[in-house]
Amino acid sequence: MPVDSHIKKMFGDDITTKFLQTKVLLVGAGGIGCELLKDLIMMNIGEIHVLDLDTIDLSNLNRQFLFRHKDIKQSKSKTAIKAVESFTYKSKLYSYHGSILDNKMFPISFFKQFDIIYNALDNLEARFYVNRMCLFLNIPLYESGTTGLRGQVQPIYPHLSECFNCIPKETPKTFPVCTIRSTPSKPVHCITWAKQFLFAQLFCGDEEAGEENVNPEEFTNEEEAKASANEVNELADLKKLIIDSKREESGYAETIFKKIFIDDIERLLRIEDLWKSRERPTFQAIENYEAIFKGIDPKLVEKREYPQNCSQQNDINDILETYVISLYRLSDRLRNGEVLEFDKDDEDTLRFVMSTSNLRSLIFHIPVKNEFDLKQIAGNIIPAVATMNAIMAGFSALSSVKYFTESNNETRMRKSRMVYDTSSTDKVVNSSKLVSANPNCPACSVTKGIVEMDFTSTTLEELRTELIKKYGYADDVEIMTLDSKLLYDFDLEENLPKKVGHFIKDESILLINDSDEKLDIIELYAVHKKGTGIVLPDLEIPLKKKNGGDEEGDEENDETDGAEIAFGGSIIVLDDDTVDSGNTVEEVEEVEEVEVSDEPPAKRQRVE
């Protein structure tokens, strides 16, 4: 029986027709994305556009069911579309390999064509960005994510329900530079040092290695900063040694070892202030290193073969042998012109980081980690179950059915539910009503619109004049960029004759503030359109919120905020992820700490 006959039985002819007439964007083709693509096809959605920046890794295969071993290193979005060609469906499918953050490749006009957007992303910056685009265009967004046995789906109806920004997200954990470089106390400190510092300095290009000057403020004292600076300079010399050495010359492994694990540690030991309240590092665990180096089987070195038990890291012999073979293998690849970067699925990079972090751990009296544990930590892998991805993808598709069965976003919001995991033994998930948008949210509480103009011919003065005229400002306005660079206020009139393109690029966001402090701030997404005058959106700008207020109003606000915080606290914001091949382990891509500039900082930089 054709799929559409089942759809018609469930929803009727009218809703089925709406499915076929709908165009959606699926951002992310990973764990949830593969499942969600299948679900949207089964719904007979008319057009499905799949966008993803990533390529397929080995660890993706046992949970991203659309991919096979032959697909490794191929585009996720393109491979996913190709994989479903054998399905019976009526949907038109399109794929894009690129970053959703690239506004040249994906301008706001790209987003504007879609009726619905589904997020199946694995990093905060991209999710904040898609959320912002949906707010500008008033497009419903269906957020989904999983972490292990936990998961959630959040329908977002712009400016009505909570958006992705409404509840603060946990800041990705980072470690002080001084801890990583000088005073590690946990395995993750040593692993971070080996991955982000040592490996990067020895095998990556200058950009990846981050060979910038050491900032003394990141260290506890001047001696420590100088020691770290010396390490960077000396590692540059060691990298040159690696490149210049011939394959048959094997002595440089011990030279590098002595520099990193003897000389650098002795230098730290001379800084007495570091060890007043900490256990001093010692060389007891590695004191026989010279004998071990001499005892390494020459055949292993010649053939570049890892010792049999290297993945377990049972003793100093296993660790040192793994260090030597991984160093030589990576050195060969570097000399052959290969561009190296850390990859948890790359045996050589993983084992170099494993062995060097374990050597450092032994010196600092920290437990060592085997290959499985190291892969979890270095790749930011967390325990997970693939089935939860399928569950949450299914609920994401089901949640969007309200878009088709209801006529407007107000009704959709009222009838929609957030779905999330539960610890209850009698059910897998729970649900709750959607909460209204946070009135203090830095993203959705700000009035937004899109302005079109010719950046090459429109002056800042013309824009200022049109803003005052269009929105009825009583006096004057301030014009800023999203990162709070001040382009114009009454003290910066010299900028008025200059063209808008002198200050901003196409697809930029401007903040407009009322100099009279009566109307609230607004965000305008500025789009360059050659030969066009200034076309401002129709906006209802609310009055600026006062700091004070009557007693009753304050109580109301406190009560509302408290309810929202309590509700938000019951929901964990989760990322998409991937299962590690061979284990019931799921990977969350490493998320860099992102400063989200949704709210203009207090300090404003004047731009002339």
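**Close-up views of a predicted model**

**View 1. Contact of helix α7 with helix α14.** In this predicted model, helix α7 contributes Cys 190, Ile 191, Trp 193, Ala 194, Lys 195, Leu 198, Phe 199, Leu 202 and Phe 203 to a contact with Thr 349, Phe 352, Val 353, Thr 356, Ser 357, Arg 360 and Ser 361 of α14. Sorted by class, the residues of this contact are 10 nonpolar, 4 polar and 2 charged. Helix α7 covers residues 187-203, and its axis lies 9 Å from that of α14 at a packing angle of about 120 degrees. The two helices, α7 and α14, are therefore oblique to each other. The crossing in which α7 passes α14 is right-handed.

**View 2. Contact of helix α13 with helix α14.** Helix α13 (residues 316-335) packs against helix α14 (residues 347-363) at an angle of about 140 degrees, and their axes are 8 Å apart. This angle makes α13 oblique to α14. Here α13 passes α14 in a left-handed crossing. On the α13 side the contact is formed by Ile 316, Ile 319, Leu 320, Thr 322, Tyr 323, Ser 326, Leu 327, Arg 329, Leu 330 and Arg 333. On the α14 side the residues are Glu 347, Asp 348, Thr 349, Arg 351, Phe 352, Met 354, Ser 355, Thr 356, Asn 358, Leu 359 and Leu 362. The residues of the contact of α13 with α14 comprise 10 nonpolar, 6 polar and 5 charged. Among the α14 residues in this view, Thr 349, Phe 352 and Thr 356 meet α13; Thr 349, Phe 352 and Thr 356 also meet α7.

**View 3. The four annotated cysteines.** An unreviewed UniProt entry assigns the feature "binding site" to Cys 163, Cys 166, Cys 441 and Cys 444. These positions span 282 residues in sequence, yet no two of their C-alpha atoms are more than 8.4 Å apart, so they gather at one spot. Cys 163 sits in the loop between β6 (150-156) and α6 (177-181), and Cys 166 lies in the loop between β6 and α6 as well. Cys 163 is buried, with a relative accessible area of 3%; Cys 166 is buried at 6% relative accessibility. Apart from neighbours within four places in sequence, Cys 163 is in contact with Asn 131, Leu 135, Gln 154, Ile 156, Cys 441, Ala 443 and Cys 444. With such neighbours likewise set aside, the contacts of Cys 166 are Ala 437, Asn 438, Cys 441 and Cys 444.

View 4. Cys 178 is listed as "active site" in the unreviewed UniProt entry. Cys 178 belongs to helix α6 and is buried, with a relative accessible area of 14%. Thr 183 is placed in the loop between α6 and α7, where Thr 183 counts as buried at 8% relative accessibility. Beyond its neighbours within four places in sequence, Thr 183 is in contact with Cys 178, Leu 274, Trp 275 and Arg 278.

**View 5. Surroundings of Ser 399.** Ser 399 lies in helix α16, which covers residues 387-399. With a relative accessible area of 11%, Ser 399 is buried. Its contacts, leaving aside neighbours within four places in sequence, are Tyr 142, Val 153, Pro 155, Tyr 157 and Arg 417. Ser 399 and Met 418 are 19 residues apart along the chain, and their C-alpha atoms are separated by 8.4 Å.

View 6. Asn 44, a residue other than glycine, has a positive phi value near 60 degrees. Asn 44 is found in the loop between α2 (31-42) and β2 (47-52) and counts as buried at 2% relative accessibility. Arg 304, also a residue other than glycine, has a positive phi near 60 degrees. The loop between α12 (298-303) and α13 holds Arg 304. At 6% relative accessibility, Arg 304 counts as buried.

**Context for the views: the whole chain.** The secondary structure of the chain consists of 20 helices and 17 strands. Of its 608 residues, 53% count as buried. Among contacts between residues at least 6 apart in sequence, 71% join residues at least 24 apart.

Notes. Residues numbered from 1 in each chain as written. Predicted model: local features only at pLDDT ≥ 70, side-chain atom pairs only at ≥ 80, totals over all residues. Heavy atoms only, no water. Axes fitted to C-alpha atoms, helices over the stretch in contact; angles between N-to-C directions. Helix = DSSP H or I, 4+ residues; strand = E, 2+ residues; numbered from the N terminus. Parallel < 35°, antiparallel > 145°, perpendicular 65-115°, else oblique. Left-handed = near helix turned anticlockwise from the far one by under 90°. Contact = heavy atoms within 4.5 Å. Nonpolar A, V, L, I, M, F, W, Y, C, P; charged D, E, K, R; others polar. Buried < 20%, exposed > 50% of the residue type's maximum accessible area, 1.4 Å probe, protein only. UniProt positions renumbered as here; feature names shortened; annotations may be inferred.
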